[in-house]
Amino acid sequence: MVDNRYATALVIGSVLSLLSAVYLSVAVGTQHWYQYRAPPGRPQGGANASDLSREFLQGDFDERTYSDALLRLNGSLGLWWRCIRVPGYTHWFQEPDPRMETRCASFSLPQQFFPKYNDPGNHNSGVDLLRTWLWRCQFGLPLMSLGLVFLSGLVGVCACLCRSVTPTLAVGVLHLLAGLCSLGTVCCFLAGMDLLHRNSALPDGVDGSLGWSLYLALISSPLQMMAAALFLWAARSHRKSYTRMTAYRVA
């Protein structure tokens with residue numbers, strides 16, 4: 001028999017775990033981790049911008065090329081996506097105030113493991129190991145976090161089938177590790193962006209800001225840790241109650 005307090009803790013922890021998994025999944029799948037805003041007076045159209053957007057979407061993967069496009073074309077960057085804002089021309093002539101469209105290109109799996117260079121895009125400047133591993137960690141840590149939450153869910157289902165609260169301790173530990181992975185993802189992304197802007201300063205008038213996708217990932221971390229605290233408390237309290245009940249029966 002499980003006390004109502006433990007059952008309540010398990011239900012609340014499960015809800016928090018589900019919310020954190022949803023938030024982190026949405027954050028990983030969207031591109032609004034970091035956003036650039038160019039000055040309003042800077043032209044966004046023209047042949048040069050068209051060539052830049054074409055190279056961004058169809059050219060070879062090059063950090064300098066897509067970084068320049070992000071800076072000049074109000075781009076946004078995510079863990080798996082990079083997007084720019086370009087005019088959506090629907091006529092043979094150029095409209096004075098064209099409707100802007102968002103066009104995105106994904107990072108392929110091999111591109112996630114490409115090395116980063118001290119001078120972005122310059123292969124002769126040497127590999128920046130710190131930025132390279134920060135990029136790889138920001139790609140791998142959220143997947144590890146989601147995997148840990150999924151594994152804890154399987155353990156929880158097994159615990160329910162066995163009608164035991166003992167595996168709750170393992171569920172709590174897995175959620176704690178998942179929370180640390182989610183927090184590490186955000187830290188690696190912020191550190192990588194800071195190093196990138198140190199090596200390649202933003203042009204005058206261009207502003208960079210954190211996007212809502214990053215905040216979703218940041219919110220998922222404390223949710224996972226709160227769920228871990230509830231699961232660990234339930235496991236510890238149930239074990240104490242079980243020990244006291246056993247000692248009372250023996251006495």
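**A walk through the predicted model**

Val173 is partly exposed, for its relative accessible area is 39%. This value, like the others below, belongs to a predicted model. Val173 lies in helix α6, which covers residues 168–199. Together with Leu169, Leu176, Leu177 and Leu180, Val173 makes a nonpolar surface patch of about 390 Å².

A contrasting case is found in helix α7, which spans residues 212–250 and contains Ser220. Ser220 has a relative accessible area of 0%, and therefore counts as buried, the limit being under 20%. Beyond its neighbours within four places in sequence, Ser220 is in contact with Ser20, Tyr23, Leu24 and Ser182.

Attention may now turn to helix α5, formed by residues 129–162. This helix has 34 residues and reaches 48 Å from its first C-alpha to its last, which is close to the 50 Å expected at 1.5 Å a residue. At the start of α5, a side-chain oxygen of Asp128 comes to within 3.3 Å of the backbone nitrogen of Leu130.

Side chains of opposite charge can pair when their charged atoms come close. The structure holds five salt bridges. In one of them, the side chains of Asp128 and Arg131 meet at 3.7 Å, N to O. Asp128 has a relative accessible area of 12% and is therefore buried; Arg131, at 5% relative accessibility, likewise counts as buried. Asp128 and Arg131 are linked with Glu63 in a network of salt bridges.

Another salt bridge joins Asp119 to Arg64, with the closest N and O atoms 2.9 Å apart. This pair links distant parts of the chain: Asp119 lies in the loop between α4 (109–112) and α5, whereas Arg64 belongs to helix α3 (residues 63–72), and the two are 55 residues apart. Asp119 has 30% relative accessibility, so it counts as partly exposed. Arg64 is partly exposed as well, with a relative accessible area of 28%.

A further salt bridge is formed by Arg103 and Glu101, whose closest N and O atoms are 3.7 Å apart. Arg103 has a relative accessible area of 35% and is therefore partly exposed. Glu101 is also partly exposed, because its relative accessible area is 25%.

Notes. Residues are numbered from 1 along each chain as its sequence is written. This is a predicted model: local features need pLDDT of at least 70, side-chain atom pairs count only at pLDDT 80 or more; totals for chains, interfaces and linings use all residues. Side-chain values use heavy atoms; hydrogens and water are left out. Helices (H or I, at least four residues) and strands (E, at least two) are DSSP runs, numbered from the N terminus. Buried means under 20% relative accessible area, exposed over 50%, partly exposed in between (1.4 Å probe, protein chains only). Contact means heavy atoms within 4.5 Å. Patches are made of residues with over 30% relative accessible area and no salt bridge: like charges are joined within 9 Å, nonpolar side chains (Val, Leu, Ile, Met, Phe, Trp, Tyr) within 5 Å. Accessible areas come from the Shrake-Rupley method with a 1.4 Å probe; for residues, only the protein chains shown count as cover. A salt bridge is a side-chain nitrogen of Lys or Arg within 4 Å of a carboxyl oxygen of Asp or Glu. The expected span of a helix is 1.5 Å times one less than its number of residues. A polar contact is a pair of N or O atoms within 3.5 Å; within protein, one must be able to donate a hydrogen and the other to accept it, and residues adjacent in sequence count only if both atoms are side-chain atoms.
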